[in-house]
Every structure is written in C-alpha cells, then in structure tokens.
Amino acid sequence: MNTILVLIILLSFVTLGIGMYNRVSGLLLKETKQSINYTTEVLDRDIHQMQEDIDRLAKGMYTNNELGMLVHTFPDFSHPQYVNNQISSYLYMKNMLSTRPYVDSVYVYRGNQAVLQFGAQVKKPEERISSLAAYPTIDQLPSLTQYWLPVRAPDDPPEKPHFISVFMNYYDNSSLLKSGLLQINMELTPVFRILTNNVTGNRKFYVITRDGQLLFGTDSNNMDRIMGQLRTVPNHSREGLEMELDSKSYLVTQYPSQYGDWVIINAVPTAEINYSSRSVLEFMVIFMIIAGTLILSLSIFISSRMLKPVTTLTRLLQSINFDKKIEWTFRNDMTPLMGASHEIGLFSRTFGKMMDRLEAYTVEIEQASARQRNLELELLLSQIKPHFLYNTLESFCGLAKLKRTDDIYKLAKSLGLFYRISLSKGAAIITVREELEHVNSYLLIEKMKYNDRFDYHIEMEPSLQSVHMLKLLLQPIVENAIAHGIRHVEHKGFILIYVHKNEEFMEFLVKDNGFGISPSMMQQLNNQTFVSTGSGGFGISNIKERMQLFYGDSCSLLYTSPAQGGTEVTLRIPLRETDSS
C-alpha cells in the first residue's frame, strides 16, 4: 500500500508541476509580447514626433520672410536688404537648430549650387544635387511637400555616420515658379539615442517604408532574411516569427505605423523572453523536490502508524448523526479520544476543532448573507440614470437665456439638496423628514421644468419626522405620477403626499389628478407582473424589490384608481424609530 501511495503522490506532483509550468510560461510569454508591442508603440510615437518636428522646421523655414527673400534674390548681393536678410536668416536658423541636436546641417540650393549652409555640416552639400537618383521625383514635389531619403549604403560600417535627408522645394509666391531646394540632414547616431530610450538589451529594430526600403535601423546585415520571412506574415499580425539572426534566435514582429507611411520591425532575443520561464522552472523543480520529499516521508509515516486508529475512530463516527452538527452532541463521546497522546488523539482533537470552526462558519455565513442583502440593495440604488440631471441642466440653460436669476438660484439649491440626500454619504437609511425634503426638491425642479403645469402639497404627522426609512422610495412614484399622469392632461395637475401612522406601520399616500391608469395595468402593478422599461427612474418593480429585501413581507405597495379620476399609491412600511441597518 505504501508503494501505491508513493506512486500516486509522485504522479500528482509531476502532473501539477507540468500544468503550472505551462500556465505560468504562457502568461509570461503573453506579458512579454505585450511589453514588446508597447515598446514598439512608444518607438512609433517618438518617430512620429521627430517627423512632426522636422515638418515644423521645414515649413518654418519656408514661411520665414527673410530666408525666403534671401533665396529669391540670390545671387543679387547688391539688393538693399540682402545683408539684413542674411543676418536675420542665420540668427533664425541658429535658434531653430539649437533645440534639434539630431539635425546636422541645412542647405538651400539654387540650381546645383548650395547657396545657404547652416549647422555642423558633417554631411557635406551635394556637389551636383541633380545627380541624385531621386532628383526627378524631388524636382516635381508640390509646395510644402517633403521627400525623405536615407543616405547610407547597405555595406557602410556601423561607425560611419549615416543620415536621412529631407527635401522640400521653394516656390516664388508671385510667379509660382520653383526658386530653390531645401535639404535638411539628420544624423542617425543622436536619432538612435533618442528613439532607443525604451529599447533595452540586445534587441534590434528597423524602420522601413511600406515598399521595403530601409530608412534606418540598428544594422542592415539581416534585412534580406527578415523581409523574406515576414512576407509570409500579415502586416496586422502581432504574434511575430522566430528566426535566427547573427547565430542567435530572435522573435521578430512587424508593426505598421499608426501615424506615417512606415513599418517598425522589432527583433527580441528569445533568450530574454524565456529567461523568466527558466527561472520559474528552476524554482518549481527545487520546490517540488523539497515538498515531494517531505510529503512522501510524512505520508509513509502517517500511513504506517495511523491506519488502525483511524479505522477505530471511523466506526465511532459512523454511529454519529451529523445532521445535528450545530448541537455538537457527540463531544462528550469523543472526549476520551481527544485526550489521548497518540495519533488518534491528534486526529480527534483536530476533528473537534473542525466542528468548533463549523459552528463559527455558520454564524459568519449568516452575517455574510446580511451583507449580501445590503450589497444587493446598493446595487439597486446604483441603477439611477442621469437623464434627470441632463434635463435639469437644460432647464438651467433656458433660465439663463431668460436671465431669471432668482429661478436659477432656486433650481440650483433644489438640485443640490436632491443629490445630497440621494447620495447621503452612501447610507441606505434616512429619516422621513429627509425623504420628504428629497421629494420636495424633485417636485420643485419638475414644476419649474414644466412651467407650473401642476401644484403639489406635502403633509406629515410631526411625530414621524425622526423615523428612519429606506431612502428614495417616494421619488420614483412621484416621477411616474408626473410622467404618466399629469403630463398627459390639459387641466392643471395636482399632487398630494400625505404621511401618517397606522398602528405599527407608516403609510405614504401619493395622489394625483392625472390621466389615471387602466384596470389591466393596475392589476399588473399590484400583482408584481409589470416589467418596467427603465424610462421612469427606478421603476415600480425595483421599488418593490428594494422594499422586499429590506423590510421583508411586512411592507406593501398598492395602486388604486379613484372614481373621480387620477391615481392613488399607498406605500406601507414598518415603523423604525432608529436606523438599525
């Protein structure tokens, strides 16, 4: 039997370990891929910000009057404003380039000659700008349109500076003819420092155009292999592809830019991705060896010494009626066993503690049930929708246009009181006086909203002011009286609210002279078969449910239709002098 127990424990440990390792490894891999995607998104944003910065620089130079005059009048050195324009242009460019350390140089060409030169000028001007392979395309660029051109051969060594040049044509405002060509050269070494702040470890990244042209990247040795394999993966895929680069395994993902016409390729060593998984595996192996050894030793010890005493105890427990667990009637029968010093005594004492905890858990379950009722009550309260606030704010707008400041003050004061009592610092119980103040503020707001189409009267027995009740029971009933009763009649409406004591209960009467309700609808409301659409605030079904949760079967809500017309609603709840919630 010991051999079978050992095999079962070992098999359980191995199965559990494999399952936990696969689960944790999957979560770590997913989290790592999400981190890679986030880093790429940040990189894409940084590139976009750099592009916008260059765009502002280029357009600022294009629209600068002194610089434009200098380009248009060159080589007329006798022009009266030439010297002033030249000084102003150099000061302007010095200021613009001081905040852009990655801009190496700026050249302005007239024909094939660089007539204006700014910056450090590590990248020298072109001897013949028209000899560039892309010049036919650049020469036809419309006004304020840029052309980005990488100036770097694929076999350039990493230590050689390489650049990206941005070209834009100058046009004469009067003749609309091309008058010059602007070239902005960005050195990629400081650009890399800016863009790779979030790229750590041995990761690689590349920025290419959508047609496959490399703009810049950490190297260009692996581009052919990367591009060849990524063509089999959809552009929108974020899962990535494993491939070998520089004799190391990488997870390569492509990320189409959300801002511009480029694609970011991110290559992360799989060793970095798997590092956390290996750490988890090592920890789990060590833990399983230690825990397995201890559990196996303990299991063998227990099985050899406790089997017979447990059998004896089992026969005793089988004679006990566990349906009377709360009474714990067999405690006296187990007292001798619980006092023993051998294993059966330990088992018996443990069982006794378990029964004591069971009694405690029963009390906790009852308390948890009460808390659940309160949570359900708060959930129902949270179903208040903001349409009333929206409509009230519209009333504010109308009164403001009419400059009715007194009415605005009354409306604002009523709205503040309405929501102060509605929230009541999260309390579910308020006094009858507060409930009536809440309804009064609501009726005042609605009366102003409907231009005094109805009047109302609220009356209460003075002794009921301090009685506590479940809050927000009357407002939905009054809201229904206005929305479904008074609003549909031509005569002036009236609402009466009367609160009085009836033996051990408190009754709220809400009466209106409105449209009334049909017998079938009244039957549905009183029989709790009516389903509210939610358009009338809480809805009658929610009021009944809240009352049922809090007061039980001792409460009621009754709809009647008097012979003289209108609707009467009687709400009946038990009296509570203090808040017992």
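This is a short tour of a predicted model, stop by stop. Local features need pLDDT of at least 70 and side-chain atom pairs count only at pLDDT 80 or more, while totals for chains, interfaces and linings use all residues. Residues are numbered from 1 along each chain as its sequence is written, and side-chain values use heavy atoms, with hydrogens and water left out.

Select residues 82–98, helix α3 (helices are DSSP runs of H or I, at least four residues; strands are runs of E, at least two; both are numbered from the N terminus). Its 17 residues should span 24 Å at 1.5 Å a residue, and the end C-alpha atoms are 24 Å apart, which agrees (the expected span is 1.5 Å times one less than the number of residues).

Now colour Tyr82, Asn85, Ser89, Tyr92, Met93, Met96 and Leu97, the buried residues of α3 (buried is under 20% relative accessible area, exposed over 50%, partly exposed in between, with a 1.4 Å probe and protein chains only). Down the helix axis they fall within an arc of 120°, so they line one face (the arc is that of directions from the axis to the C-beta atoms). On the face turned away are the exposed Leu91, Lys94, Asn95 and Ser98.

Next, go to Glu126, in the loop between β2 (113–119) and α4 (135–139). Leaving aside neighbours within four places in sequence, Glu126 is in contact with Tyr109, Asn112, Leu132 and Gln183 (contact means heavy atoms within 4.5 Å).

Last, select Ile573, which touches Met469, Phe505, Met506, Phe508, Met547, Tyr551 and Cys555, not counting residues up to four places away in sequence.
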